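Subject: Structure handover

Hello,

Here is the structure for your files. My notes on it follow below; please read them alongside the coordinates.

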Amino acid sequence: MTKSFPIKARPLRNALAAALLVAAPAAALFAPQQKLEAAEGDLDRAVSALRSISTMQADFSQTDRMGQVASGVMTLKQGGKIRFEYEKSIPLLVVSNGRSLYLVDYEVNQVQRWPIRNSPLGALLDPTRDISRFGKLIPTGNPDVISIEVRDPKRPEFGMITMIFVRDAGAPGGLELNTWVALDAQNQRTTVRLRNHRYGVGVADSAFTFKDPRQSSRRPR
């Protein structure tokens, strides 16, 4: 059967790398001094909201710097586990087992691996990472929207991620992760948006394994 690729493979891989693997820091933005106490409270609430998620699934759309969009389903589980299942026309998988983040390319039979703390997604996945140490509130002008920039100034190669939360009483901790944005070394932006969040869904640990395309006889990792 002939494969149809609405998004060219190389730009898409570059977009994945920007959004999920390697990004460079941008200029930091600080909340005004008079709002510092409130900002610190929102930062703590956002951290608590992330830690309150046991499992979650959401539909995602990912937009690269060229405006190309890829979509699929994201699955998240406590312990640093995440899976990005792309639409059928895109033969890629991004998955973390809680220790490492993998980019699996089934078109060229390649697998790339990074420790999760070396990715901007470490802010979301790494249960040992203290977001409050590396996170800063960015003013949004909307009391129902919280924006947090996370980066480690001592390890800029680990990248930067800006997470955007919307207040929602039905979400764990009262905040729903709505969007995150990453910038690469050329200051090129990639945006991931989430919708149709489902919390507390049953997710087996096997969802965070993959079939290694480099050797078809190899057992899933």
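A search of the whole structure, which is a predicted model, finds four aromatic pairs. Rings of Phe, Tyr and Trp (for Trp the six-membered ring) pair if their centres lie within 6.5 Å; planes under 30 degrees apart count as stacked, over 60 as edge-to-face, and the rest as tilted. One of the pairs is F60 with F84, edge-to-face at 5.3 Å centre to centre and 80° between the planes. F60 is in strand β1 and F84 in strand β3 (residues 81-86), so this pair ties together parts 24 residues apart in sequence. Strands here are DSSP runs of E with at least two residues, helices are runs of H or I with at least four, and both are numbered from the N terminus.

F84 is buried, with a relative accessible area of 0%. F84 also pairs with W180: the ring centres are 6.0 Å apart and the planes stand at 80°, so this pair is edge-to-face. The link is between distant parts of the chain, since W180 sits in strand β10 (residues 175-183), 96 residues from F84. W180 is buried at 0% relative accessibility, and F60 is buried at 3%. Buried means under 20% relative accessible area, exposed means over 50%, and partly exposed is in between (1.4 Å probe, protein chains only). F60, F84, Y86 and W180 form one aromatic cluster.

Conventions, before the rest: residues are numbered from 1 along each chain as its sequence is written, and side-chain values use heavy atoms, with hydrogens and water left out. As the model is predicted, local features need pLDDT of at least 70 and side-chain atom pairs count only at pLDDT 80 or more, while totals for chains, interfaces and linings use all residues.

Next, the fold. The protein has four helices and eleven strands. An open sheet of eleven strands has the order β6-β5-β4-β3-β2-β1-β11-β10-β9-β8-β7, with antiparallel pairing; two strands pair if DSSP finds at least two bridges between them. At the edges are β6 (110-115) and β7 (135-138), each pairing on one side only. On average, neighbouring strands of the sheet are turned by 20° against each other, direction ignored; the axes are lines fitted to C-alpha atoms, for helices over the stretch in contact, and angles run from 0 to 180 degrees between N-to-C directions. Between the antiparallel strands β1 and β2 there are nine bridges, and A58 has M74 in β2 as its bridge partner.

The loop between β1 (55-63) and β2 (69-77) holds D64, which is buried at 8% relative accessibility. A polar atom of the D64 side chain lies 2.9 Å from the backbone nitrogen of M66. For the backbone nitrogen of Q68, the distance to a polar atom of the D64 side chain is 2.9 Å. A polar contact is a pair of N or O atoms within 3.5 Å; within protein, one must be able to donate a hydrogen and the other to accept it, and residues adjacent in sequence count only if both atoms are side-chain atoms.

R51 belongs to helix α2 (residues 36-51) and is partly exposed at 30% relative accessibility. Its C-alpha atom is separated by 7.7 Å from that of Q78, 27 residues away along the chain.

Finally, of the 221 residues, 47% count as buried.

Regards
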